[in-house]
Amino acid sequence: MMQATTDLLEGLESFFDEARLGFDLREGVLWNPAKTRLCLLSTDFLTGVYTAVKDEAGPAWPVIFKTCGRIWGERIMRRLEREAQTVGNLQLREMPVSMFLRFFREYFVYHGWGLMTIDVAQARETGIVTVTLEDSIFAEVIRDEEDFSDPMIAGILAGMMSHMSGQDLDCVQTACISRGAEASQFVVTGAARLRGIDEKIKGGLTHEQVVASV
């Protein structure tokens, strides 16, 4: 057991080892240890994307961001399964839960999205997973008067967890740093259970009330 844990930790260190990032300044290319090309986006670029989408779509911008995030999240997990095997000899689906959650956490930090904590303590009993994201990149660049800042993250979480679980899951944001919360918060559960909950959250339903009501 100790050897298996050591092997997993070494695999994680290999996967997220910044010293193994490759780059070619002449070609303007950066790639991770699995030789996947990386793209660095500044906060100004993300602000510009948000502004452009909102100008075109108006109040529908969160739906667009979340839909894109969900597609992105599913693709991320398919790619990560291949990369984890290639770089660290890691089988994501066979990891202990604690190690898998650590992988998620380090993946978000690695890409500069924020510091994520996933709580699965209630998952077996209630089918609910709660997520906290500190220092969210989207909350830093998006300051919307009507909506939370992290629909892209909600979509990514829904896509990643749906892929890994094989279930139709959805994710709803319940609190946001841009609205004064200490961290952005999310609830992940079966898609059918979250239908109509967004409007209730806009009406003042708190994170704790969402968890209790779904």
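The radius of gyration is taken over C-alpha atoms, and the globule rule is 2.2 Å times the number of residues to the power 0.38.

**View 1. Overall chain of a predicted model.** This is a predicted model, in which local features need pLDDT of at least 70, side-chain atom pairs count only at pLDDT 80 or more, and totals for chains, interfaces and linings use all residues. Residues are numbered from 1 along each chain as its sequence is written, and side-chain values use heavy atoms, with hydrogens and water left out. For 214 residues, a compact globule would have a radius of gyration near 17 Å; the chain has 18 Å, which agrees. The C-alpha trace spans about 50 × 50 × 30 Å along its principal axes. The chain has 9 helices and 7 strands. Helices (H or I, at least four residues) and strands (E, at least two) are DSSP runs, numbered from the N terminus.

View 2. pLDDT is the predictor's confidence in each residue, from 0 to 100. The chain averages 85, and 91% of the residues score at least 70. Over residues 1–5, pLDDT stays under 50. Contact means heavy atoms within 4.5 Å. Residues 1–5 have 1 contact beyond four places in sequence. Where pLDDT is low, the predicted coordinates should not be read in detail.

View 3. Buried means under 20% relative accessible area, exposed over 50%, partly exposed in between (1.4 Å probe, protein chains only). Buried residues make up 44% of the 214 residues in the chain. A nonpolar core is a set of buried Ala, Val, Leu, Ile, Met, Phe, Trp, Tyr and Cys residues joined through side-chain atoms within 4.5 Å. The largest one has 41 residues; Leu92, Phe108, Val131, Ile153 and Leu157 touch the most other members. Helix H7 (residues 151–165) gives the most to this core, with 9 residues. Apart from this core lies another, of 9 residues, among them Ile128, Val187, Leu194 and Val211.

**View 4. Surroundings of Leu92.** Residues up to four places away in sequence are not counted here. Leu92 touches Met77, Leu80, Glu81, Ala84, Phe100, Phe103 and Met164.

**View 5. The annotated segment, residues 128–190.** An unreviewed UniProt entry places the feature "domain: 4-vinyl reductase 4VR" at these residues. UniProt positions are given in the numbering used here, feature names are shortened, and annotations may be inferred rather than shown by experiment. The segment is 32% helix and 32% strand, and its end C-alpha atoms are 8 Å apart.

**View 6. Asp135 in its loop.** Asp135 lies between strand E5 (129–134) and helix H6 (137–141). Asp135 is not a glycine, yet has a positive phi of about 55°. Most residues other than glycine have a negative phi. Asp135 is exposed, with a relative accessible area of 62%. Leaving out residues up to four places away in sequence, Asp135 touches Trp113, Gly114 and Ile177. The C-alpha atoms of Asp135 and Trp113 are separated by 7.7 Å, although 22 residues apart along the chain.

**View 7. Gln185 in strand E7.** Strand E7 covers residues 184–190 and holds Gln185. Beyond four places in sequence, Gln185 is in contact with Val131, Thr132, Val172, Gln173, Thr174, Ala175 and His207. Val131 is 54 residues away along the chain, with 5.7 Å between its C-alpha atom and that of Gln185.
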